[in-house]
Amino acid sequence: MGVLGLAALAFAACAEVACPVSENVRGHENIEWSIAYGYNLTDKTKKDLPRVLLVGDSICNGYQGEVRRLLDGKVNVSYWISSYCVTSANYLKLLDVALTEAKYDVVHFNNGLHSLSTPREAWEKGLRAALALIRQRQPQAKIVWCASTPLKKAELTAKAKALNAVAARVAADEKLPTDDLFALLDPLEREANWSDVFHHRPPLRAKEGAQVAEVVLKTLGM
């Protein structure tokens, strides 16, 4: 079965208890959440600008404001962020909602920090299904894989690095460019730049946002 068939099968089954891509081997976190914003959907002066969808987690939430600021008047920035792992049946359902809100020229995609302990084979299957769903819903969009960021603790950073290696193989298979936020952040001193184990202080969030905005513009040829 091709990847589009895999995505279609996965999405069709998401209303059921189990998702055939893989069992949700990660299980639930104590709190699961999902937040989506679409901007300038009807504004006559901006609605026809190129549009990017940022997909990620709370790290994405940290930099999306800077991306929107830098791209204001050039590119409309929407985002969907969540705690769900791609192995969850709910992930594809929620992703599908975000993908059907508007027509996107770029989808900047990440899933990882909530999946650090997910078995790699299951996560890879879920990632491939999510990418296939993006292609199915937004065939005109250019997809950019965004590497997961390093963490304050070395042992967790090693897990993120291993997950990024799996994603790099998938991105190569799918011929996707990579926005390497891991490489951007990893050399930096943790105590000065991290606000907790996962998240970053404002100057670092601005640095991430600047790189993401640059990648979006480059992807659009602007």
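1. Buried here means under 20% relative accessible area, exposed means over 50%, and partly exposed is in between, with a 1.4 Å probe and protein chains only. So E2 is mostly covered, with 6 of its 6 residues buried. Strands (E, at least two residues) and helices (H or I, at least four) are DSSP runs, numbered from the N terminus.

2. A word on what you're looking at: this is a predicted model, in which local features need pLDDT of at least 70 and side-chain atom pairs count only at pLDDT 80 or more, while totals for chains, interfaces and linings use all residues. Residues are numbered from 1 along each chain as its sequence is written, and side-chain values use heavy atoms, with hydrogens and water left out.

3. Overall, the protein has 8 helices and 6 strands. From the N terminus on, the elements run α-β-β-α-β-α-β-α-β-α-β-α-α-α. Buried residues make up 50% of the 222 residues. Contact means heavy atoms within 4.5 Å, and among contacts between residues at least 6 apart in sequence, 80% join residues at least 24 apart.

4. Now the sheet. It is open, has 6 strands in the order E1-E3-E2-E4-E5-E6, and its pairing is mixed. Two strands pair if DSSP finds at least two bridges between them. The edge strands, each pairing on one side only, are E1 and strand E6 (178-179).

5. What sits on either side of E2? E2 and E3 run parallel and are joined by 6 bridges, with Ser 78 in E3 as the bridge partner of Leu 53. E2 and E4 also run parallel, joined by 4 bridges, and there Leu 54 stands opposite His 108. The order of the sheet puts E2 between E3 and E4.

6. Strand E4 (residues 106-109) then pairs with strand E5 (residues 142-146) in the parallel sense over 4 bridges, and Val 107 stands opposite Ile 143 in E5.

7. Leaving aside its neighbours within four places in sequence, Leu 54 is in contact with Cys 60, Tyr 63, Gln 64, Val 67, Val 77, Ser 78, Tyr 79, Trp 80, His 108 and Val 212. Leu 54 is also one of the residues that touch the most other members of the largest nonpolar core, along with Tyr 63, Tyr 91, Leu 95, Phe 109 and Trp 123. That core has 61 residues, and helix H5 (residues 154-174) gives the most to this core, with 7 residues. A nonpolar core is a set of buried Ala, Val, Leu, Ile, Met, Phe, Trp, Tyr and Cys residues joined through side-chain atoms within 4.5 Å.

8. Asn 164 is found in helix H5. Is Asn 164 buried or exposed? Asn 164 is buried, because its relative accessible area is 12%. Beyond its neighbours within four places in sequence, Asn 164 is in contact with Ala 147, Ser 148 and Phe 182.

9. Two backbone spots to check. Asn 40, in the loop between E1 and E2, has a positive phi of about 55° although it is not a glycine. Asn 40 counts as partly exposed because its relative accessibility is 24%. Lys 175, in the loop between H5 and E6, has a positive phi near 60°, and it too is a residue other than glycine. Lys 175 counts as exposed, because its relative accessibility is 73%. For context, most residues other than glycine have a negative phi.

10. Last, helix H7 (residues 190-193) holds Ala 192. With a relative accessibility of 48%, Ala 192 counts as partly exposed. The C-alpha atoms of Ala 192 and Leu 204 are separated by 9.7 Å, and the two residues are 12 residues apart along the chain.
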